[in-house]
Amino acid sequence: MRSSLLAGIFATGAFAQSGAWQQCGGNGWSGPTTCVSGHGCVYVNDWYSQCQPGAAATTLQTTTRPTTTSGPASTTSAGNQPSPTPGKFRWFGVNQSGAEFGQNILPGRYGTEFIFPSPQAIQTLISQGYNTFRVCFSMERLVPNTLTSSFDASYLKNLTDTINYITNAGAYAIPDPHNYGRYYGNIITDTNAFKTFFTNFARQLATNSRVIFDTNNEYNTMSQDLVLQLNQAAIDGIRAAGATSQYIMVEGNQWSGAWSWNVTNTNLVALTDPQDKLIYEMHQYLDSDSSGTSDACVSAQIGVQRVVGATAWLRANRKLGFLGEFAGGANSVCQSAVKGMLDHLQSNSDVWTGALWWAGGPWWGDYIFNFEPPSGTGYTYYNNLLRSYAP
């Protein structure tokens with residue numbers, strides 16, 4: 001997750017009226033309180049009101065609750081969509097990072113430049129109720145020559161062994177090409193090759209119903225149309241492989257940030273899946289620029305404030321979302337912000353299917369968000385809170 005010029009625009013309140021999906025009110029808000037034509041300022045919570053299309057074109061006070069007119073997310077094949085217990089997540093767990101380490105040293109050496117997750121640590125988390133693990137990997141190590149090349153057998157085995165360990169234990173695995181829409185540092189523009197990569201990869205996992213595919217980690221600074229095309233190519237490739245029972249998580253541009261999703265990634269509503277199993281994966285951190293590089297959170301309310309726009313977008317477009325990365329520092333302000341955000345997502349579980357902490361993995365050491373049992377900073381500070389959200 002990274003900051004964007006949009007952050008400065010939104011924060012300054014430089015316009016006389018707020019634009020579509022932008023903030024227009026809330027406790028402490030000093031920006032515009034009216035909206036552009038065709039939009040009204042709708043209360044979301046005490047800290048955030050938002051310009052939403054079709055709403056009454058008057059500014060609503062923060063004490064005025066909106067009237068809900070749209071139902072829960074659904075599609076033409078609603079039976080294929082998750083049906084969570086009201087107020088409960090379907091998927092909740094921890095990212096597993098390490099196999100993507102050493103990105104500047106390729107192919108790198110197992111145990112020196114990169115490492116795979118620890119089965120023992122994963123089992124500890126599963127025993128505490130966590131049921132979903134996003135397994136990061138490097139496309140360059142899996143297919144070392146071109147996107148359409150044969151797999152590196154050793155790397156593929158380590159990756160599939162990790163995925164199978166998770167799913168055989170009854171949990172869900174999300175293999176994540178942690179490439180930011182790049183291959184060897186270059187933006188991927190060959191959508192046919194991208195589709196072929198996913199067809200070949202999905203064939204390895206097509207019969208495992210506990211696998212959830214991720215199209216790529218945090219596309220950024222790319223053409224918005226290209227992000228749409230790459231996501232669609234990945235969907236088409238996965239389905240062409242015969243992987244029809246699995247869900248697919250699509251990510252957005254600008255590091256897939258939840259806070260800016262409804263002004264950045266609106267075109268992704270056009271994605272299609274013949275199996276009707278798409279989930280929109282977003283990421284959200286709580287420091288000043290949403291980058292996840294500081295353990296200081298903006299405020300105790302910032303978690304809710306940064307995701308409510310995405311919630312409204314999901315509901316308005318009858319889509320389902322998933323918070324694929326989140327974290328906060330080991331302090332009381334961040335803990336309140338994390339809890340508030342998760343409470344909001346859980347109370348809107350008709351559109352939010354779950355969330356994953358960033359991150360676990362054997363090599364995180366003194367990393368501020370380290371969730372590796374038994375002594376990671378994030379694990380020791382947040383485990384008791386987070387496990388209460390497990391399905």
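The legends below describe close-up views of a predicted model. Local features need pLDDT of at least 70 and side-chain atom pairs count only at pLDDT 80 or more, while totals for chains, interfaces and linings use all residues. Residues are numbered from 1 along each chain as its sequence is written, and side-chain values use heavy atoms, with hydrogens and water left out.

View 1. Strand S12 covers residues 321-327; strands (E, at least two residues) and helices (H or I, at least four) are DSSP runs numbered from the N terminus. Of the 7 residues in S12, 7 are buried, where buried means under 20% relative accessible area, exposed over 50%, and partly exposed in between (1.4 Å probe, protein chains only). Strand S11 (residues 278-285) pairs with S12 in the parallel sense over 6 bridges; pairing requires at least two DSSP bridges between two strands. His283 has Glu325 of S12 as its bridge partner. S12 also pairs in the parallel sense with strand S13 (residues 352-360), over 3 bridges. In that pairing, Gly321 stands opposite Trp352 of S13.

**View 2. The β-α-β crossovers through H8 and H9.** A right-handed β-α-β unit is made by S11, helix H8 (residues 302-316) and S12. From S12 the chain crosses through helix H9 (residues 332-347) to S13, again in a right-handed β-α-β crossover. Right-handed here means that, with the strands pointing away from the viewer, the path from the first strand over the helix to the second runs clockwise.

**View 3. Helix H8, its length and its bend.** The end C-alpha atoms of H8 are 22 Å apart, which agrees with the 21 Å that its 15 residues should span at 1.5 Å a residue; the expected span is 1.5 Å times one less than the number of residues. At Val308, H8 bends by about 35 degrees, the bend being the angle between axes fitted to the seven residues ending at a residue and the seven starting there. H8 is mostly covered, with 13 of its 15 residues buried. Just after the helix, Arg318 takes a positive phi of about 55 degrees.

**View 4. The disulfide between Cys297 and Cys334.** The whole structure contains 1 disulfide, defined as a pair of cysteine sulfur atoms within 2.5 Å. The sulfur atoms of Cys297 and Cys334 are 2.1 Å apart. The torsion about their S-S bond is about 110 degrees, so the disulfide is right-handed. Cys297 lies in the loop between S11 and H8 and Cys334 in helix H9, so that the pair links distant parts of the chain, 37 residues apart. Both cysteines, Cys297 and Cys334, are buried.

**View 5. Asp350 and its contact with Arg315.** Asp350 sits in the loop between H9 and S13. Its relative accessibility is 27%, so Asp350 counts as partly exposed. The side chains of Asp350 and Arg315 are joined by a polar contact of 2.7 Å. A polar contact is a pair of N or O atoms within 3.5 Å; within protein, one must be able to donate a hydrogen and the other to accept it, and residues adjacent in sequence count only if both atoms are side-chain atoms. Asp350 and Thr311 are 39 residues apart in sequence, with 10.0 Å between their C-alpha atoms.

**View 6. Asp176 and its contact with Arg134.** Asp176 belongs to strand S6 (residues 172-177). With a relative accessible area of 0%, Asp176 is buried. Its side chain makes a polar contact of 3.3 Å with the side chain of Arg134.
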